[in-house]
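This briefing goes through the packing and the backbone of one model, topic by topic. Please keep the sequence and the structure in view while reading.

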Amino acid sequence: MQKLLSYILTPLHYILFTFFLLVFHPVQWIAFRFFGYQAHKNVVDLMNLGLVSSYYLLGNSVSFSNRFDLPENRPIIFIANHQSLYDIPPLIWFLRKYHAKFISKIELTKGIPSISFNLKYGGGTNIDRKDSKAAIIEMSKFGTRMKTNTWSAVIFPEGTRAKTGVMRDFQIGGIATLLKKCPEALLVPIVIRNSWKMVRYGTFPLGTFSNLKFEVLEPIEPEQHLPEVLVKRAETVIREALGQNS
């Protein structure tokens, strides 16, 4: 019965999701070209609130919990497990006051209404996974922008989505590069639960009646620790929160 409802509700979700992408594309362009970074960011934030609202047409819900007083005047590297593309709009919306930027594949900077424009001009970084040298250079530039503008980054160290919810091992490289350029950044783990259930059947139909949960875990001060130690600590606390201790 639930899967049957998925076939009925999925088109409604996609219609609303696409509507927000199409409507906000020209609004983004106007905001960025004529009013600058902050206006563009405000538009992107509102767009992602709209995208999150489309999850509810599937009977899904989204909750975000943070019991820590995170600084707004210091760069933060948010480290999260990654379960689906549906992780991203809630993170943009709920972390909006920290100016959180993403690391994306360069292929996504073309052809997707609203999303491609934001990836090009929103302040994050877009890397070519086939060119590791160029990717490191772009990550270094991103780390410098974080330091200069007091921006934050959201990074998924698994490198790809865990489509069944089972977390993969974290990779160190991206976080190490950011810390090299922005050593004062605070590391903040975030555990994501149930996002994978939205794509358990693939892109059609989408999963229904799940609660997507985002929880901020205790921040980690980098101090003088090696990136390997910091990333392992973040991975461990996220695994423990998921009940997937290795």
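Helices and strands are here DSSP runs numbered from the N terminus, a helix being H or I over at least four residues and a strand being E over at least two. The model is a predicted one, and with that numbering S114 falls in the loop between strand 3 and helix 4 (115-121).

**Backbone features in loops**
- For S114, phi is near 70°, which is a positive value in a residue other than glycine, and S114 is buried because its relative accessible area is 0%, under the 20% limit.
- T150, which lies in the loop between helix 5 (132-149) and strand 5 (152-155), also has a positive phi, near 55°, in a residue other than glycine.
- With a relative accessible area of 27%, T150 counts as partly exposed.
- The peptide bond that joins F204 and P205 is cis, with omega at about -5°, and P205 belongs to the loop between strand 6 and strand 7.

**Nonpolar cores**
- The largest nonpolar core comprises 37 residues, and those with the most contacts inside it are L70, F78, L91, L95, V154 and I190.
- Two or more residues of this core come from each of helix 1 (2-35), helix 2 (37-53), strand 2 (76-80), helix 3 (88-94), strand 3 (100-105), strand 6 (186-193) and strand 7 (211-216), and helix 1 gives the most to it, with 6 residues.
- Another core, of 25 residues, lies apart from this one and includes I79, L230, V231 and I238.
- When neighbours within four places in sequence are left aside, L91 is in contact with F102, V154, F156, I190, I192 and F214.

**Packing of helix 1 against helix 2**
- The axes of helix 1 and helix 2 are 8 Å apart and the two helices pack at an angle of about 175°, so they are roughly antiparallel to each other, given that angles over 145 degrees count as such.
- On the side of helix 1 the contact is made by residues including L16, F17, F20, L21 and F24, and on the side of helix 2 by residues including Y37, A39, H40, V43 and V44.
- The residues of this contact of helix 1 with helix 2 divide into 16 nonpolar and 4 polar, with no charged ones.

**The surroundings of H40**
- H40 is placed in helix 2 and counts as buried, since its relative accessibility is 2%.
- Not counting residues up to four places away in sequence, H40 touches Q28, A31, F32, F117, N118, Y121 and G122.

Key
Residues are numbered from 1 along each chain as its sequence is written. This is a predicted model: local features need pLDDT of at least 70, side-chain atom pairs count only at pLDDT 80 or more; totals for chains, interfaces and linings use all residues. Side-chain values use heavy atoms; hydrogens and water are left out. A nonpolar core is a set of buried Ala, Val, Leu, Ile, Met, Phe, Trp, Tyr and Cys residues joined through side-chain atoms within 4.5 Å. Buried means under 20% relative accessible area, exposed over 50%, partly exposed in between (1.4 Å probe, protein chains only). Contact means heavy atoms within 4.5 Å. Axes are lines fitted to C-alpha atoms, for helices over the stretch in contact, and angles run from 0 to 180 degrees between N-to-C directions. Angles under 35 degrees count as roughly parallel, over 145 as roughly antiparallel, 65 to 115 as roughly perpendicular and the rest as oblique. Ala, Val, Leu, Ile, Met, Phe, Trp, Tyr, Cys and Pro count as nonpolar, Asp, Glu, Lys and Arg as charged, and the others, Gly among them, as polar.
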